[in-house]
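Reader: I have some questions about the terms used for this model. Please set each value against its cut-off.

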Amino acid sequence: MESNSLVGSIPSEIGELAQLKVLNLSSNYLSGTIPVQIENLTELNELDLSENVSIGGSIPTEIGNLSQLKILDLSLNSLTGSIPIEIGNLTQLETLSISDNDFITGNIPIEIENLIKLKILDLSSNSLIGNIPEGVDKLLDLEIFDLSSNYTITGQIPTGISNLVKLRILDFSSNILS
């Protein structure tokens, strides 16, 4: 259902599709919030809600129940609030993109260190604050790490970043790192 000019909100009944493996509603005109019933999609491997611009509200904590998820792309929306700590439950995750929301705030949860299969971590262009968690040095498969344009990420670059030998792209630009 990518790029179909869909409008309206994501119906809560989507949670009834318990055997669904891929949910791609990217590049549409959807609005509203991500329904909490998404927690019922426990077989889901890919969730792509990117480029809807008007999907708002916070990322539901129930997203942490999607234990089979490998790709989570929530970029280019109008999400608010903080990244839920339950994101650390997604231990099969290979791609996490929550970029270009502008309204995602708070710290990067330390639970991100549990995502040891992660290859792409893109949290750029939000309003995240605080330090980069020390535990990111456990993400040994990480190839792309983008925290650019948050403007309020502070502190030092973790010394363990040198353990991430598979990194191809590391972008911490437009922050307050020392």
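**Terms and values**

Author: This is a predicted model. Glu43 is partly exposed, because its relative accessible area of 29% lies between the 20% and 50% limits.

Reader: What makes Lys21 and Glu43 a salt bridge?

Author: The N to O distance is 3.5 Å. The cut-off is within 4 Å, for a side-chain nitrogen of Lys or Arg and a carboxyl oxygen of Asp or Glu, so the pair qualifies. Lys21 sits in the loop between β1 (7–9) and β2 (22–24). Glu43 sits in the loop between β3 (29–32) and β4 (46–48). The two are 22 residues apart, and the pair links distant parts of the chain.

Reader: Why is Lys21 called partly exposed?

Author: Its relative accessible area is 42%. Buried needs under 20% and exposed needs over 50%, so Lys21 falls in between.

Reader: How many salt bridges does the structure hold?

Author: It holds four. Among them is the pair of Glu113 and Lys138, with the closest N and O atoms 3.2 Å apart. Glu113 lies in the loop between β9 (103–107) and β10 (120–122), and Lys138 in the loop between β11 (127–130) and β12 (144–146), so the bridge ties together parts that are 25 residues apart in sequence. Glu113 is partly exposed at 24% relative accessibility. Lys138 is partly exposed at 44%.

Reader: What makes Arg168 and Glu143 a salt bridge?

Author: Their closest N and O atoms are 3.3 Å apart. That is within 4 Å, so the pair counts. Arg168 lies in the loop between β13 (152–155) and β14 (169–171), and Glu143 in the loop between β11 and β12. These parts are 25 residues apart in sequence, and the pair ties them together.

Reader: How many helices and strands does the chain have?

Author: Zero helices and 15 strands. Eight strands form an open sheet, with parallel pairing, in the order β1-β3-β5-β7-β9-β11-β13-β15.

Reader: What makes β1 and β15 edge strands?

Author: Each pairs on one side only. β15 spans residues 176–177.

Reader: How do you know that β5 and β7 pair?

Author: Pairing needs at least two bridges; β5 (residues 54–58) and β7 (residues 78–82) have three, so they pair, in the parallel sense. Gly57 has Leu79 in β7 as its bridge partner.

Reader: Which residues touch the most other members of the largest nonpolar core?

Author: Leu47, Leu72, Leu96, Leu121, Leu123 and Phe145, out of 43 residues. Leaving out residues up to four places away in sequence, Phe145 touches several residues, including Leu121, Ile132, Val136, Ile161 and Phe172.

Reader: Why does the radius of gyration agree with a compact globule?

Author: For 178 residues, a compact globule would have a value near 16 Å; the chain has 16 Å, so the two agree. The C-alpha atoms fill a box of roughly 45 × 25 × 25 Å along the principal axes.

Reader: What share of the chain counts as buried?

Author: Of the 178 residues, 45% do. The chain exposes about 8100 Å², and carbon and sulfur atoms supply 51% of that area. As for contacts with a separation of 6 or more, residues 24 or more positions apart account for 56%.

Definitions and conventions:
Residues are numbered from 1 along each chain as its sequence is written. This is a predicted model: local features need pLDDT of at least 70, side-chain atom pairs count only at pLDDT 80 or more; totals for chains, interfaces and linings use all residues. Side-chain values use heavy atoms; hydrogens and water are left out. Helices (H or I, at least four residues) and strands (E, at least two) are DSSP runs, numbered from the N terminus. Buried means under 20% relative accessible area, exposed over 50%, partly exposed in between (1.4 Å probe, protein chains only). A nonpolar core is a set of buried Ala, Val, Leu, Ile, Met, Phe, Trp, Tyr and Cys residues joined through side-chain atoms within 4.5 Å. Contact means heavy atoms within 4.5 Å. The radius of gyration is taken over C-alpha atoms; the globule rule is 2.2 Å times the number of residues to the power 0.38. Accessible areas come from the Shrake-Rupley method with a 1.4 Å probe; for residues, only the protein chains shown count as cover.
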